[in-house]
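Visitor: I am new to this structure and would like to understand the words used for it. Could you go through them with me, setting each value against its definition?

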Amino acid sequence: MCPRRPSARSAVSQWLFSGHRGDRQRPKNCLGCDNSQDVDNAGKTIAYTDQHGRIKLFKVTAREFASSSIWENPWLPRDSQPVARTQNAAEDLLLANGSETTNLTSAETLATETIDLIKLKRQVFRRGRKEQRVQELLQMDKKDELEMRNAATNRSRNFDNKVRGSYNIWRQEFRFTNTDSTLRLMKDQIIMAKLYATIALSQKEPDMYALLMKCIKQSQTAIGDALIDSELDSSALERAKAMGHVLSSARDVLYSSSEVTRKLRVMVQSTELNIDAVKKQNSFLVQHAAKTVPMPLHCLHMQLTTDYYFRDGVTMERFHVAALKEEENKIKLEDRSLYHYAIFSDNVLAASVVVRSAVTNANEPEKHVFHIVTARLNFAAMKMWFITHPPQLATVHVENIDNFKWLNSSYCSVLRQLESARLKEYYFKAHDPSSLSDGNENLKYRNPKYLSMLNHLRFYMPEIHPKLDKILFLDDDIVVQKDLTPLWDIDLNGMVNGAVETCKESFHRFDTYLNFSHPKISENFDPHACGWAFGMNMFDLKEWRKRNITGIYHYWQDLNEDRKLWKLGTLPPGLITFYNLTYPLNRTWHVLGLGYDPAVDIAEIENAAVVHYNGNYKPWLDLAISKYKPYWSKYVDLDNSHVQHCYATKQ
């Protein structure tokens, strides 16, 4: 007999069957024996030994075994047992009659009781349901079949496989599971060893302290610069084992729950302070790298400046041709029927990319005029670049900011502030409460560009271009990818500034940039008003003059001399100056974030008319986000000998 009881008992080592207690003769109720006694009513006393060797007895009837046991004749060979035959017979009878309650012969009754009839009924039900489904599918017409197929296809297309993919056994993390388990163990051991070492030192256990410090040094040497287990030194596992033994000994000698808790708390606090210090240092270094001129770019400026002042025969010829062309194009600089751009930059390479990308993607480049204003220090280099690399058909006019006689401290509020001792102290004095050494969170406002008047020229468009009615302002960290001429056809509905809005949910609204605790701000502006982007702006200069926008700008700049209304920068005063005077452009005109956000949608970038590298990671820096750099670098003139020389020197 092969018992399979649902109610678990102790492990059975021996089964004894008898008609009465103690009878060890041949069983009377087994299949294949000459026995007329009714199987259903046969009472059995079953004896077995438990795991402790004690003999246990209990009574059971054959009916109780019918659904969970198969009776065998111990005197017949195992392969001649009629289990399979009787089970098939019972199933056939059940299918033929539909119930187990039909009149069966004694042999058939015994056969049906040797299997689980409930399980058999389930099997019959499933088989019937499957056959019914097959018949339904065979009778389905073509139209219904096509609808069902299309529905299945749509479900598969809309299926989100992200979760499923994360459990894919073919992914790398499933091939190399726990690739840093040993490394993490060793680092944890070092932490605990340092903890016990401090306790040993305080409890005057010099030997234990020396042993722990020795193990710490050895483990740190074995770890080195490893990031995963495969990079560990070959002795790392042995070091981990040795450290484990030492820690076990230290625990036996030094462990005190209160002392260990106190030391761990101190270590956590110390680590948090270190993390904060590293974050501040990282922020400062990123800002420092962002405002530093790279060596190749500085080299390019020096080469161009040298060519400008020390002209050979070829350069002189180019100057002559450029002078003639400039005289011919002078009338274009004030022609209102053309497309005019304003670029304020001291970066030759960046300005060249803006012009080249705009001209390359323009449908009628001969109608595009670029007005570039730069500082005196970079004027020669900027002028020389566009003399030797004039864009085909388009017009480029380079000006020196020092030639604007109207730009003086008596007229310009921000220029007066930039020259003040207070602002210089804010930037350069280490003892200032908001200086760099203090770790102020507004480090980004300490970029030298905020001390440059080039950054504020965007508020003086009518003074720079008195004869123009419309002009498109472009930052030097943008790339043009489409023809921009449709921008001049957009009706700004009486607004002065056409720009792309940047607010998303609660981000980039006025309260992000302005101090609404100040009554002057809270009384005049809505904190939930949507911000917009400087970098690509269409200015209606006729409306500008009509509404005296420059005067509004001066008014608020005078109020903010103590920087209580906003920090430094041009966006906050721009939001104030053009408040309720900005027309929102379609977002596809201007996509931002390529200078700080690695998660900008690539499809948005590809579809944008202008992409903007706003942020610290400019495309001409080593900090640049690598996947965005090709959009900028493909417009760099790599055939230029100075570019090749300067960037080859870097290599």
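Visitor: Which cysteine is joined to Cys 299 by a disulfide, and how do you know that it is one?

Guide: First, this is a predicted model, in which local features need pLDDT of at least 70 and side-chain atom pairs count only at pLDDT 80 or more, while totals for chains, interfaces and linings use all residues. Residues are numbered from 1 along each chain as its sequence is written, and side-chain values use heavy atoms, with hydrogens and water left out. The partner of Cys 299 is Cys 646, with an S to S distance of 2.1 Å; a disulfide is defined as a pair of cysteine sulfur atoms within 2.5 Å, so the pair qualifies.

Visitor: Why is the disulfide of Cys 299 and Cys 646 called left-handed?

Guide: The torsion about its S-S bond is about -70 degrees, and therefore the disulfide is left-handed.

Visitor: What makes Cys 299 and Cys 646 a link between distant parts of the chain?

Guide: Cys 299 belongs to helix 12 (residues 295–309) and Cys 646 to helix 26 (residues 641–650), and the two are 347 residues apart. Helices here are DSSP runs of H or I with at least four residues, strands are runs of E with at least two, and both are numbered from the N terminus.

Visitor: How many disulfides does the structure hold?

Guide: The structure holds two disulfides, and one of them joins Cys 503 to Cys 530, with an S to S distance of 1.7 Å. The torsion about the S-S bond of Cys 503 and Cys 530 is about -100 degrees, so this disulfide is left-handed. Cys 503 lies in the loop between strand 8 (497–499) and helix 19 (510–513), whereas Cys 530 lies in the loop between helix 20 and strand 9, so the pair ties together parts that are 27 residues apart in sequence.

Visitor: What makes Phe 525 and Tyr 579 an edge-to-face pair?

Guide: Rings of Phe, Tyr and Trp (its six-membered ring) pair if their centres lie within 6.5 Å, and planes under 30 degrees apart count as stacked, over 60 as edge-to-face and the rest as tilted. The ring centres of Phe 525 and Tyr 579 are 4.9 Å apart and their planes stand at 75 degrees, so the pair is edge-to-face. Phe 525, at 7% relative accessibility, counts as buried, whereas Tyr 579, at 22%, counts as partly exposed.

Visitor: How many aromatic pairs does a search of the whole structure find?

Guide: The search finds 25 aromatic pairs. Among them are Tyr 411 and Tyr 460, whose centres are 6.1 Å apart with 55 degrees between the planes, and this pair is tilted.

Visitor: How do you know that the charged end of Arg 311 sits over the ring of Tyr 308?

Guide: The charged end of Arg 311 is 5.0 Å from the centre of the Tyr 308 ring and sits over that ring; the rule asks for NZ of Lys or CZ of Arg within 6 Å of the ring centre and within 35 degrees of the ring normal. Arg 458 likewise lies over the face of Phe 534, at 4.9 Å from the ring centre.

Notes:
Buried means under 20% relative accessible area, exposed over 50%, partly exposed in between (1.4 Å probe, protein chains only).
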